Amino acid sequence: MGVSSDSTLDPDALRVWTRALDVRSVALAMIAVASPFMPTLHDKGWLASLVLALVFLPYNVLLAVRLRRRHRLDALMPAADLLLAVGFVAIVPETWPAIIGIAVADVAFAVVMFGRRVAFLAAGIGAAALTVAGLDIDHGIDVGVFGFLSSAAIVITTVGSVSARERHLRRSYLALVNGVEGIVWEWEVGRSRLTFMSRQVETILGWSVEEASDWEFWNARTHPEDDPSVTDRIHDALSKDERSAEFRVQHAEGHWVWLRDAIAVERDASGSLRRIRGIAVDVTRQRDTALDLQQYADIVEQIQFSIMVWRLEDPDDVRSLTAVRSNPASVELFGRSVEETLGRRLVDLWPGAGSERFATAIAHTIRTGERTVVQQVPFPRPDGFEGYFSVRMFPLPDRCAGLVSEDVTDQRQAEEALRHLALHDTLTGLPNRALLQDRTATALAVARRTSQPVALLVLDLDQFKEINDTLGHPMGDRMLEQVGARLATVLRDCDTVARLGGDEFAVLLTVDAGRASAERVARRIREALAEPFDLVGISVQTGASIGIVLSPEHGTDAETLSQRADIAMYNAKRSGRGYAFYAPEDDRSSLRRLALVGELRRALEREELVLHYQPQIDVSTGAVLGVEALVRWQHPEHGLLPPSEFIELAEVSGTIQPLTKWVVRTAVAQAAELARAGHHLVMSANVSARNLYDPDLVKGIGEDLAASGLPPELLMLELTESELVDDPSQVMTVLSLVSGMGVRLAIDDFGTGWSSLSNLTRLPIHQIKIDRSFVSQMLLGGDDAVIVRSIVDLGHNLGLAVVAEGVEDELTMAALASLGCDQAQGYLLCRPVPAAELVTWLDNRKLSATPA
C-alpha cells in the first residue's frame, strides 16, 4: 500500500498513520497524568501536565481528525511538532533531554512522509529553536543540540534512502494499478470498508475513491435484477469456487454499467480467508455487442428470407463453391436440411447448367467485391414444381459471399395473372383491345416482310342493350360469355378473337386472310350467332353487324385499320346487310356519324335537343285534333339536325332510351301547357321498339302524366309497323300496360313493314298512320292509291282511326276525304314548328274558324 502523491495517503498508509497518531495521543495523555509525580520536574510537574493536556493533546487529536477527513498530512506538521516541543522546553527546561528524542522522532517522521528536504528543513528549524530555547539553560544544551543534529543527519540519510525507495516503489505500484482498464480493489475480511480502491472507479463509474470504498454504497447501486448484494455475491462465488461474476452498477450520471468482477483470495497459514482482491472490468460494450449479435442471430434464424454463406474453395474453379452457413428459411425454401446442404457444392445440390451459371454469378461477387442482385432465378421447389427466387449477393471475408434469397414464385404468378388481366377480358377470357392492338401491330410487321394480307373484322351484336336491360346484366354477361365461346369455335387456332368492350368483338386473321377468306369468316360468324342463346331457360336470339378491313388495301397500321373497321361496321348495321367491307367513299360521312355518337351522349346534358310540333286535323271538318312531337338536334356546329341524322345513331349507341324518355316527358309537359291555354289536343310522341324492353317505361310515363296533370287520353305513343314484329309477346305485354293507363297507341308508317292481322287485332291500337311515301304518290294512280284505299278500309274495319302523313296539296286532301280518311297532317297545313309558333298558329286558326 502507498500514497498517490507525497501527501495523500492510500488506505494502508492512512491506517498506519492514523493508528500512530492515536498511540501518540494515548502516550501524551499518560505523560500528562504522570508529570505531577515526576521528581525530576520538581515543582513544575503540574505545569507540564497542564501544557500537555491543554496544548499537546488537543493538537494531536486535531491532527488525527484532519487525517481521517482529508487522507493527507501537511508538510509543515513536522516543523510545527518541533516548535511545540521546543516551546515545552522553554516552559519546563528540565524536559530538554526527552524533547531532543521526540525531535529526532519528528525528523524521522518527516523523512518518511515528506522526504529528505522537508526533514532537513524540520531539523534546522528544531536545532535553531532548541538553541534559542536553551540560552538560559545551563545543563549542556549545546551538547544536546549537537547530538540532535547528528542523530537527525543519520536518520535522514539512512531512513530517507529507504523511504525514498519505498515511495518510488509505491508510486510505480499505484501508477500500474490505476493504469489498468478496470477497478482494482482489496478487502480485508471482517472490515466494513474496502482497504483499497483504484482511481479507475472515477473513470468507469464516476464515483470518488472514498465513496467506492464503502460496501453499502455498492449494494445500494447494484441493479435490482442483479440481486443478491455484492458482498453476498462474493461469498456465493467463493463457496462455489467461482472467481468471476457479471452485474450492473449505476453510474454517477444515472445509466447502468455492466462489470465483470474477477477475484483472488489470500489465506493465512491456517487456511482461513484473510484478504480478497479483485478487478472489475467494464464489459458494457461487449455485452451490448453480444446482445446485438444475438439479436442478429435470432433475426437470421427467424427471418422468412433464406440466408446462406458460400465459400469459393478454389479461387479458379466456380464449381468449388460450397455452402458453409444456412438458416431455417433456406431449408423451407429449397427443401434440403442443414445437414444435407452444408459442406456440399452448389453444382451437386442443384445439378444442371442453370446452377453453374448461378455459381459463376456468386464467384463474380467474391472475386470483385461487388454487390449483385439477380431477379427470378428458377429452381426446383420441394413440391416438384418450378419455383423462382430473387437473391441479393454481397462479399464476405475468406472468399465467401452472403446470399439473401426470397421466394418470388407467388409474386411471379401474380404478375403473370396481372399481365393476363391487363391483356384479357375478365368476363370472356378473350384478348382485350390492348392485346388485339399488339397482335395486330405484330401481324402487320410480319406482313410487310412477307407481303401477305391481314384482315380485321369488328362486329357489334344486334339488340344486345334491350336484352341486357330487360333480363338484367347477369343474363347479359352470360350471353356475352356464350358469344365469345361460339366465336372461338368457328375460328382457327392461328386467328385471334377479342372482346373490345360492351357487345363489341373483333377477329384478326393473319393466315389466308384475303377478301374471300374474310367474307367467308364473316358469314360463319353470323351463322353461329343466329342460333338461339339459352340464358337459364330463356331462349334469346341476336345477330351481328360486321365491318371488315384488309391490309394493306385499307391501311398499314393498327389504329387506322381499327378505325376503318368501325366505319365499315356502322355501314353494315345501317344498311342491314349484316357485313360490309370498308369503302373510302363512306369514310367522311361515317367519321361524322362516329363523332355524332359521342356528341349525342352529351346533347341531353347540354339541352341541345328541342321538339317541333306538327298539327293533325279532322279531314271532314278541318278541326285541329292533335299534334305530333318531332325531335330536332340544335347542334352547335352543324345547326338544326333532323331525326334522320341521329335517331339511328341513338339506337345503335344505346342512347335511344334516355332520348325517348326526354321526348315523352317534354311532349307531355307541352300538351299540359296547351290544355291550360285552351287547346285540348292529343299529343303524339314516337317511341322506339327498344324502349319496349325498358322495365321502367310504363312507370316513367305514369310519373310524367302525374307531374304535368295531363289526362292520359291526351297522350298517344307511336310505334313503327316493323318494330311490332320483332317480339310480339313482349310488345303485347308492354302496350297492354300502357293502354291500361288510358294512353292511346298508334302504328306509324303503316304499309312499309309487314304486320300480321292477328297481331293487329290483339294489340290495343287506337290509330294507324299511312306512310308519306304512299300519300305523296296516290294521285299518280297505280298501286299507291290502291294501298291508301286498302289501309283506310282496313283501319275502319278494325275500328281504328286512320291518319295520312305528308299531305302537301289540296288535291291530295280532297282525295283523302273522298276515301273517308279520318285525319291528315303535312306541309299543306303546317310545317313542324317550335312550341311558341305552334301556339300562335293554333290561336290564329281558332280565330279564323270563329263566325264573324
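Of the 852 residues in the protein chain, 46% are buried. Here, buried means under 20% relative accessible area, exposed means over 50%, and partly exposed is in between, using a 1.4 Å probe and protein chains only. This is a predicted model, in which local features need pLDDT of at least 70 and side-chain atom pairs count only at pLDDT 80 or more, while totals for chains, interfaces and linings use all residues. Residues are numbered from 1 along each chain as its sequence is written, and side-chain values use heavy atoms, with hydrogens and water left out.

**The chain as a whole**

You will find 31 helices and 26 strands in the protein chain. Both are DSSP runs numbered from the N terminus: helices are H or I with at least four residues, and strands are E with at least two. Among contacts between residues at least 6 apart in sequence, 60% join residues at least 24 apart; a contact means heavy atoms within 4.5 Å. The chain exposes about 42200 Å², and carbon and sulfur atoms supply 55% of that area. Such accessible areas come from the Shrake-Rupley method with a 1.4 Å probe, and for residues only the protein chains shown count as cover.

**Salt bridges**

The structure holds 22 salt bridges. Each one is a side-chain nitrogen of Lys or Arg within 4 Å of a carboxyl oxygen of Asp or Glu. Here are some to look up:

| Pair | N to O distance |
|---|---|
| Glu246 and Arg260 | 2.7 Å |
| Glu266 and Arg275 | 3.6 Å |
| Glu266 and Arg277 | 2.7 Å |

Let's begin with Glu246 and Arg260, whose side chains meet in a salt bridge. Glu246 lies in strand β3 (residues 244-250) and Arg260 in strand β4 (residues 256-267), so this pair ties together parts that are 14 residues apart in sequence. Glu246 is partly exposed at 29% relative accessible area, and Arg260 is partly exposed at 38%.

Now turn to Glu266, which forms a salt bridge with Arg277. Because Glu266 is in strand β4 and Arg277 in strand β5 (residues 273-282), the pair links parts 11 residues apart in sequence. Arg277 is partly exposed, with a relative accessible area of 37%. Salt bridges that share partners join Glu186, Glu188, Glu266, Arg274, Arg275 and Arg277 into one network. Within it, Arg275 is buried, at 14% relative accessible area.

**A nonpolar patch**

Leu50, Leu54 and Val55 make a nonpolar surface patch of about 280 Å². Patches are made of residues with over 30% relative accessible area and no salt bridge; like charges are joined within 9 Å, and nonpolar side chains (Val, Leu, Ile, Met, Phe, Trp, Tyr) within 5 Å. Val55 sits in helix α2 (residues 45-70) and is partly exposed at 37% relative accessibility.
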